[in-house]
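Let's read this structure together, one feature at a time. Keep the sequence and the 3D view side by side.

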Amino acid sequence: MILSIESSCDDSSIAITKIENNKLIFHKKISQEIEHSSYGGVVPELASRLHAIDLPNILEECKPYFDELKAVAVTNQPGLGVTLLEGIAMAKTIAVTLNIPLIEVHHLKGHIYSLFIEKEEILPLLVLLISGGHTQIIRVESFEKMTILATSIDDSVGESFDKTAKMMGLGYPGGPIIEKLAKNGDENRFDLPVPLRNSKLIAFSLSGLKNAVRLTIESLGGSENMSQQDRCDLSASFQKAVKLHLIQKSKKIFEKEKIKDFAIVGGASANIYIREAYEELCKKFGKRVHTAPLKFCSDNAGMIGRYAIEAYKKKLFVDAYEIEVIHTKKREAGSIL
Ligand code: KG4
Ligand code: ZN
């Protein structure tokens with residue numbers, strides 16, 4: 001079995017996965033959403049302190065499996081340095097005291113492997129990754145070869161939902177709040193710009209849309225003067241512009257990429273409105289759509305464990321005294337993830 005730890009942002013999570021059949025034997029996650037909610041976003045120092053409390057509490061429940069552990073895996077990039085360190089310190093200690101190998105996991109590759117929890121890999125695969133930190137389309141040819149085809153030049157999808165919610169004086173995370181309000185809103189009430197609509201660039205950008213949302217809120221007299229219907233209509237109009245932007249750029253990629261399997265992963269892949277738009281697009285292009293179960297869309301250690309099984313089979317281990325947080329540089333389209 002492999003014990004995996006995830007602490008890249010505001011979720012403390014540990015999983016135990018069986019190597020021979022990909023089964024998830026144990027999985028627990030403690031989210032810090034309530035603690036960060038009043039700040040409208042994640043406060044790194046607070047997140048780090050909460051991981052230091054929650055991770056050992058979850059680990060306590062894993063003790064019965066300690067004798068059967070063959071390896072320990074941990075996310076070491078990308079994420080918040082101070083929170084990644086909490087998971088790494090724990091993983092290092094386990095590796096050294098139990099004398100088992102240590103596996104480092106790239107968080108975004110973990111999101112891709114969320115699709116394969118308790119399943120076999122589906123490869124090759126085209127993936128749209130929409131999370132709090134990233135918007136990317138990735139061509140996954142194999143475990144080793146994942147190429148970024150398009151990436152964001154500013155705010156990510158999740159971040160734009162979070163900021164829109166914050167500007168309207170709503171809580172964190174913004175994604176589920178906006179999606180829910182949008183259900184009762186008129187998506188055609190506010191004519192928000194679809195980002196990069198007239199640009200040939202195959203990239204994602206949401207900061208311009210964020211500014212348009214801000215100006216709309218100002219024109220309504222500020223968030224405190226908005227009615228509930230205003231909030232619903234703005235949420236729906238914003239969500240529609242995000243969808244049109246994602247679909248327009250994805251279509252350009254679909255015209256070139258012949259891979260039949262397409263997947264949406266990451267926290268924002270829980271959004272049903274966006275999922276439905278992709279189902280329609282994939283139908284036109286003859287592609288199959290894959291998504292992870294809702295509970296594995298947002299950050300979790302189950303996906304880290306699933307990736308770690310493949311890394312274990314390839315003996316991709318790292319020295320427990322040398323593992324560190326990798327401060328990921330922004331990767332451009334064309335580069336390997
Ligand atoms: O993947 P994730 O848990 O963490 C990162 O790796 O960043 O993604 C969290 C992000 C947050 O920005 C959250 O607002 C967004 O995913 N999210 C959503 C929805 N549920 C979560 N965005 C849009 N619609 C949703 N239903
Ligand atoms: Zn994530």
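Q: Is E141 buried, partly exposed or exposed?
A: Buried means under 20% relative accessible area, exposed over 50%, and partly exposed in between, using a 1.4 Å probe and protein chains only. E141 counts as partly exposed because its relative accessibility is 33%. This is a predicted model, where local features need pLDDT of at least 70, side-chain atom pairs count only at pLDDT 80 or more, and totals for chains, interfaces and linings use all residues. Residues are numbered from 1 along each chain as its sequence is written, chains are lettered from A and ligands numbered from 1 in the order in which they are written, and side-chain values use heavy atoms, leaving out hydrogens and water.

Q: Which residue forms a salt bridge with E141?
A: Side chains of opposite charge can pair when their charged atoms come close. The test for a salt bridge is a side-chain nitrogen of Lys or Arg within 4 Å of a carboxyl oxygen of Asp or Glu. K145 pairs with E141, with the closest N and O atoms 3.7 Å apart. K145 is partly exposed, at 40%. A network of salt bridges links R139, E141, K145 and E257.

Q: How many salt bridges does the structure hold?
A: There are 17. One of them joins D155 to K210, with 2.9 Å between the closest N and O atoms. D155 is buried, with a relative accessible area of 7%.

Q: What does I247 touch, leaving aside residues up to four places away in sequence?
A: Contact means heavy atoms within 4.5 Å. I247 touches A277, Y278 and L281. I247 is buried, at 17% relative accessibility.
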